[in-house]
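My entries follow in the order in which I looked.

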Protein chains: 2
Amino acid sequence: MAISLKAAPIAEVITEELRHECSHLAERGIIPNLKVILVGEHPPSVIYTRNKKKFMENIGAKCEIIKLEENISEAEFLSELEMQCNDNEVNGLFVQLPLPNHLSHIDVGQLVSPEKDVDGFHAENLYGILSGDCGSKYLIPCTPRGILTMLDHANVDLSGKNVVVIGRSLIVGKPMALLLTNKNATVTICHSRTKNIKEITSKADVIIVAIGKERYLNRSFLNSNKNQILIDVGINHDTNGKICGDIDYEDVVNECHLITPVPGGVGKMTILSLGQNLIAATKRQCEEK
Amino acid sequence: MAISLKAAPIAEVITEELRHECSHLAERGIIPNLKVILVGEHPPSVIYTRNKKKFMENIGAKCEIIKLEENISEAEFLSELEMQCNDNEVNGLFVQLPLPNHLSHIDVGQLVSPEKDVDGFHAENLYGILSGDCGSKYLIPCTPRGILTMLDHANVDLSGKNVVVIGRSLIVGKPMALLLTNKNATVTICHSRTKNIKEITSKADVIIVAIGKERYLNRSFLNSNKNQILIDVGINHDTNGKICGDIDYEDVVNECHLITPVPGGVGKMTILSLGQNLIAATKRQCEEK
């Protein structure tokens, strides 16, 4: 049976590291300060932002959720965002998505100052990944960062490994592929138009699935060596309302070496990445002063 | 024997298209205006910039080479660059590389305004590629753009094709991989740390080599179906001083379906891409006014 690569024990280690970092900063009089802009009361967003606030306070950082009315005008929303960007007391900033329809055309990632962009979606931060960085100089998107952290904790040396990324989104697939390339993996990006996908996945050492299709990847995608590593980014609800990933866990668990479960896997890592990005952003800002 | 996919006939078509575009713009009183900053007298750079100027004038655009002294101070250089960025009469702008040693740490691509960045290396333009664009909204790097143009002229439909890109540079490999992904190809990025590379290339429909190693790819990388498409980005000088590519042309020419020669292939396309980017930039700037 495969090893289940769970987030919980990694979260314990990282949380402790972040607490340590915060207390070091506190000795210098610095408390990392995160602002989260929440427009409206979309229930999952209310829960997500509350969890993020709780986590940040738990590690010793500050976090304020700035609640804006659902029907706020575009001008008022942009002006609030700009004010937070310009506030020197703010170290990290992001807008909780999704935005209400009348604001959803705004590419908020580009409006947050890159040095405060803890979500890692500003063009300047993505340029960092393109130019070879893995987070040492730039802020990197939270989900890919979380996956790298998991692989690192499982002692997976990515250099020379064949990694297949299924999904080509701006949020996960593309930055993930670039980061893995920077880590010296040989990366193949697959997607809905890919032909002979099972031939490709059967050759992979690591498969990362990020397409949002319940239980898409099953044992027919794998080879018979039982040595493949499977990373499941999907969080879907099946027809019974049960949470499941993009991988059919039950079907593959005896056919691979290591697999991240859903829930309790990659999804739990993003908040840790957010914390790491906040600390990194704060430290860089203090060095610059 | 493979078809030799040469730049010359494509160049004729594109040059005509660009002339057409320029004369349309001229009817509206607009002459696309390119500025090239050349620091020092590095002989190849002098030739490249002269060729670019000649080409732009040939299609009906303006092009001025701004020659700066080899030993110009960083402050003076940056101030000249900023002046050109702020000049509303300038539609396209780039700095000819390499810069002299004392300036080589400057990432000039990030200092050119994105809307004038005909080289396509500004973070905002690369963000465009990451978010799925293939040049319709953003300016894209010249060599990858030239390769897409060649494949398009050879009627290669990239959708669902397995494409292997060898090389992971910011200039060619990475933007090329993203553009091909946007064109619905399934892309694998290989590099110096890749294991079993010949197994990977033998499965490819298209192989793009951009590593700067003379005659690196030979027939041992190919399958026996003689249907593969080979794109050679390298321009190397062999031990006899002869120009050659990253592909051993003589060795593979009877083993593939289509191949770009060196010289006379991809290298000749970049100037056309530069022209296309200049026209695109000019048109977008005029629409915005």
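**Across the two chains**

I began with the strands that meet between chains: β6(A) and strand β6 (residues 186-190) of chain B pair in the antiparallel sense, over three bridges. I took strands as DSSP runs of E with at least two residues, and helices as runs of H or I with at least four residues, numbered from the N terminus. Two strands pair if DSSP finds at least two bridges between them. I looked up one partner: A:V187 has B:I189 of β6(B) as its bridge partner.

This is a predicted model, in which local features need pLDDT of at least 70 and side-chain atom pairs count only at pLDDT 80 or more, while totals for chains, interfaces and linings use all residues. Residues are numbered from 1 along each chain as its sequence is written, and chains are lettered from A and ligands numbered from 1 in the order in which they are written.

**The interface**

How many residues of chain A are in contact with chain B? I found 22 residues of chain A in contact with 22 residues of chain B, where contact means C-beta atoms, placed from the backbone, within 7 Å. On the chain A side, α4 (123-130), α6 (173-182) and β6 (186-190) each supply at least two residues. By class, that side of chain A has nine nonpolar, eight polar and five charged residues. Nonpolar covers Ala, Val, Leu, Ile, Met, Phe, Trp, Tyr, Cys and Pro; charged covers Asp, Glu, Lys and Arg; the others, Gly among them, are polar.

**Sheet in chain A**

I noted an open sheet of three strands in chain A, in the order β3-β2-β4 and with parallel pairing. The twist averages 15° from one strand to the next. Strand β2 (residues 33-39) is joined to β4(A) by four bridges, and A:L34 stands opposite A:G92. I then found helix α3 (residues 74-86) lying across β2, β3 and β4 of chain A, at about 175° to β2(A). Axes are lines fitted to C-alpha atoms, for helices over the stretch in contact, and angles run from 0 to 180 degrees between N-to-C directions.

**Sheet in chain B**

In chain B I found an open sheet of three strands, order β3-β2-β4, with parallel pairing. Here β3 (62-68) and β4 (92-95) have a single partner strand each, so one side of each lacks a neighbour in the sheet. I counted seven bridges between strand β2 (residues 33-39) of chain B and β3(B), with B:V39 opposite B:L68.

Conventions. Two residues are in contact if their C-beta atoms, placed from the backbone, lie within 7 Å.
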